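This report concerns selected backbone features and the domain arrangement of the structure shown below.

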Amino acid sequence: MKILIIEDEEELALDIISYLSSEQYRCEWVADYSAAIAKVTSYQYDCVVLDLMLPGGDGLSILKELKKLNKEDGVIILSAKNSLDDKVKGLKLGADDYLAKPFHQAELAARIESVIRRKQFDSNSLITFKELLIDTQAKSVRINEELLNLTKKEFDLLLFFLGNKNRVLSKSALAEHLSGDFADMFENHDFIYAHIKNLKRKLKKKGSDDYIKTIYGTGYRWEV
Amino acid sequence: MNKLLTKALKAYTLFSLLILVISVPVYVLVVDHIWLSELDENNWLSLEHLKNRIESREYSPAEVAQINEIWGELQPGFSISKINSSHFLADSVYEVQRKNVFDLDDGEDRFRGLRSYFELQGQAYQITIETNVEEADETLLAIAVVTLIFFIMLILGFILINRRIARQTWQPFHRTLQSLRKFDLSQGQALSLEKSNIEEFQELNQSLEDLVTKNIKVYQHQKAFTENASHELQTPIALLKSRLDLLLQEKALSPALSQILSSIEAPLARLSRINKNLLLLAKVENQQYAEMELIKINAYLHSALTLFDDYINDKELTIELKFETELTIQAHSFLVETLIHNLLSNAIRHSVSGAKLEVEISENTLLVKNTGAIALDTKHLFERFSTASTEKVSSGLGLAIIKEIVNKYQWQVGYKFAASKHVFFIHF
């Protein structure tokens with residue numbers, strides 16, 4: 001899978017590439033407007049990660065260009081401005097998702113995966129992982145054909161883990177994924193522990209292996 | 001406090017009073033002096049005329065005695081009498097007080113007399129003539145009364161002129177004062193004051209306009225600085241966050257090290273939040289978020305409480321909702337969302353486990369109550385970074401943001417501590 005990262009902050013771009021590299025992704029990176037235009041007009045990407053503040057031009061124009069060319073690339077907008085306007089405008093122009101800086105790498109990875117899944121398989125919303133069969137549209141999980149009854153949050157966590165296999169996910173990344181922007185309003189994210197305990201229990205009860213490992217003092221990892 | 005004009009009026013009045021009081025005896029002396037010298041001259045003229053006539057007509061002593069008798073009877077104070085001395089004394093002036101025989105109530109009258117000497121056919125005569133003259137005390141009284149009348153007129157004049165000046169001349173000053181009272185630095189609008197044709201006021205207005213323009217510039221620079229600084233900080237914060245994520249993936253991390261790493265998350269989250277909030281404050285101050293839409297507060301509260309579900313359950317808080325009405329307002333949805341999130345997250349964070357959190361809507365007021373031990377210091381409660389909280393997560397800006405949003409829409413926010421409850425209320 002090809003991913004284009006359009007980001008003028010070199011170090012941040014390299015971090016993203018570094019985080020994504022071990023997945024099945026091949027990442028390319030451009031740092032300015034004209035290079036970005038050259039790339040998106042000549043090649044096809046599964047997902048474009050687009051920073052809105054670029055030297056040489058507005059990120060939104062790149063999005064417009066993509067839509068004009070009828071490209072199917074999934075687009076995730078990154079914005080340092082955290083401005084509602086950008087978000088609304090971007091999504092209106094056809095971006096698939098929006099992520100405000102600063103973000104957790106795990107969050108971006110999960111969003112990229114979700115965008116690619118929606119684009120690639122089109123109507124097919126099924127994810128399989130070993131004995132797990134997940135329908136993202138119906139929001140249902142089956143283990144060996146048996147339906148697993150999860151709460152919305154447990155389901156979100158499961159998807160988040162599957163989008164970040166073999167990654168250590170910190171409690172704050174998990175909390176931010178569940179609570180969104182305002183997770184940082186609170187100091188205590190202990191509720192994550194309860195959700196994960198329940199998720200593990202439910203998976204185990206239906207005969208699934210225990211993939212979620214607790215990393216002492218840090219967070220959790222979905223181990224394959 | 002005295003008004004400037006009243007103060008001037010007082011000074012003028014006192015000064016005029018002083019001058020007029022001094023003027024009264026001076027006038028009396030001057031008038032008396034003029035009067036007496038005129039009368040003396042008159043007496044002298046009459047006497048000279050008499051002497052001249054008597055000498056030229058060559059009256060006999062018997063005739064002179066007869067004149068004295070007749071005229072002396074008719075004209076008070078007149079007399080011609082023989083004297084034995086042949087030495088003529090110099091003419092002399094004298095004053096006498098006599099009873100007023102016609103008007104006993106009048107008391108005594110003052111007479112000015114002239115005594116002179118002449119010789120007729122070898123016989124020396126003394127002749128006196130008198131004229132009634134106004135008494136000095138009567139003159140004093142008259143002048144004092146007239147002066148008092150003038151003084152009163154003067155004061156009335158002062159007051160009237162003063163009022164006129166206050167009304168007309170000071171009008172530009174009062175308008176300037178009014179403009180200053182209405183002036184709001186955060187609106188960013190320059191002060192425009194009316195031109196005045198009075199030099200002092202024009203100078204004052206000019207100086208004020210310059211001062212305000214400078215202040216607006218400084219204020220705008222400061223706002224721009226906050227916004228720019230927050231923007232600039234976002235990238236390093238983003239990098240820190242992503243580096244931390246990468247570090248956590250390292251296989252060779254010891255448990256101790258990973259614990260240190262994850263303990264960086266909290267201060268980093270706080271840093272990120274402070275920065276986000278500063279940016280939000282700057283944007284609200286810069287009159288962004290101008291769009292308005294109809295917002296149902298009840299629904300926003302419900303969805304916020306759902307979002308905070310995890311944190312509420314974690315602390316085992318009981319939520320009590322008392323919505324008496326459907327409250328709808330016109331505002332920017334993001335700002336209302338922020339307002340509600342800040343209010344509720346505050347209440348949740350500051351609640352102890354198992355406590356009760358009450359949210360009430362009545363008419364156009366929203367109340368959020370949570371149990372607490374002691375009242376907060378209300379003086380600086382809504383100021384930036386004024387929080388006395390030792391929490392690691394507090395940005396110190398939550399209430400400042402609430403205040404800023406409330407100010408933007410001219411709502412009201414307040415805090416009270418009643419029955420062991422912190423109560424924050426917003427009147428929309």
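B:Ala419 is exposed, because 7 other C-beta atoms lie within 10 Å and the cut-off for an exposed residue is 12 or fewer. In this predicted model, B:Ala419 has a positive phi near 50° although it is a residue other than glycine. Its place is the loop of chain B between strand 10 (412-418) and strand 11 (421-427).

Chain A contains a non-glycine residue with a positive phi as well: A:Lys130, at about 50°. A:Lys130 belongs to the loop that runs between strand 8 (126-129) and strand 9 (132-135) of chain A. A:Lys130 counts as exposed, since 10 other C-beta atoms are found within 10 Å. Most residues other than glycine have a negative phi, and most peptide bonds are trans.

| Residue | Phi | Loop |
|---|---|---|
| A:Lys130 | about 50° | between strand 8 (126-129) and strand 9 (132-135) of chain A |

A cis peptide bond is present between A:Lys101 and A:Pro102, with omega at about -5°. A:Pro102 is situated in the loop between strand 7 (97-100) and helix 5 (105-120) of chain A.

The domain assignment divides chain A into domain 1 (2-120) and domain 2 (126-222). Between the C-alpha centres of domain 1 and domain 2 of chain A the distance is 26 Å. Domain 1 of chain A contributes 7 residues to the contact, and domain 2 of chain A contributes 8 residues. On the side of domain 1 of chain A that touches domain 2 of chain A, 3 residues are nonpolar, 2 are polar and 2 are charged.

Methods:
Residues are numbered from 1 along each chain as its sequence is written. Chains are lettered from A and ligands numbered from 1 in the order in which they are written. This is a predicted model: local features need pLDDT of at least 70, side-chain atom pairs count only at pLDDT 80 or more; totals for chains, interfaces and linings use all residues. Domain bounds come from an automatic or database domain assignment. Two residues are in contact if their C-beta atoms, placed from the backbone, lie within 7 Å. Ala, Val, Leu, Ile, Met, Phe, Trp, Tyr, Cys and Pro count as nonpolar, Asp, Glu, Lys and Arg as charged, and the others, Gly among them, as polar. Helices (H or I, at least four residues) and strands (E, at least two) are DSSP runs, numbered from the N terminus. A residue is buried if 20 or more other C-beta atoms lie within 10 Å of its own, exposed if 12 or fewer, and partly exposed in between; C-beta atoms are placed from the backbone.
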